[in-house]
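Please look at the model shown here with its charged side chains and its open spaces in mind. The paragraphs after it take these up in turn.

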Amino acid sequence: MTTKDDFEARCPSFQAAIELVGRRWNGAILMAAQDGARRYSEYLAAVPGISDRVLAQRLRELDAAEVLVREVQPTTPVQITYSLTDRGKELALAVQPLVAWGERWLGRGTEDDG
């Protein structure tokens with residue numbers, strides 16, 4: 001039987017990617033970011049149910065992971081936007097098949113078993 005330690009030793013990059021995408025709210029933020037640069041309030045509106053504190057934390061984490069980039073616009077008042085990096089764009093493309101799978105097999109009202 002394969003243990004968690006065995007799996008992580010064989011494929012740490014895969015495990016790190018799954019944990020990044022699978023962390024609560026990160027997938028929704030990633031999907032929202034595909035529409036282009038957004039301000040904090042726009043992410044808050046695009047991801048229903050997320051709290052202010054958690055959104056701020058997740059945006060910082062995704063910025064630290066270089067999935068999003070935080071850009072400060074020198075305007076009055078200052079505007080801060082978050083957008084996908086090249087790494088984030090590639091991750092979003094990699095997640096698309098999972099989104100399609102979820103819509104097909106886990107979507108609401110799905111009655112097709114195959």
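This is a predicted model: local features need pLDDT of at least 70, side-chain atom pairs count only at pLDDT 80 or more; totals for chains, interfaces and linings use all residues.

Residues are numbered from 1 along each chain as its sequence is written, and side-chain values use heavy atoms, with hydrogens and water left out.

Taking a salt bridge as a side-chain nitrogen of Lys or Arg within 4 Å of a carboxyl oxygen of Asp or Glu, the count comes to four. One of them joins R23 to E61, with the closest N and O atoms 3.5 Å apart; this pair links distant parts of the chain, since R23 lies in the loop between α2 and α3 and E61 in helix α5 (residues 52-64), 38 residues apart. Helices here are DSSP runs (H or I, at least four residues), numbered from the N terminus. Within it R58 is buried at 8% relative accessibility, while E61 is partly exposed at 24% (buried is under 20%, exposed over 50% and partly exposed in between, with a 1.4 Å probe and protein chains only).

Turning to open space, the lining of the largest pocket comprises 15 residues, of which V21, G27, A28, V95 and V99 lie nearest its centre, and helix α6 gives the most to this lining, with five residues. A pocket is here an open set of points on a 1 Å grid over the protein atoms alone, where a 1.4 Å probe fits, with protein on both sides within 12 Å along at least five of seven lines, and lining residues have an atom within 4 Å of a point.

Methods: Helices (H or I, at least four residues) and strands (E, at least two) are DSSP runs, numbered from the N terminus.
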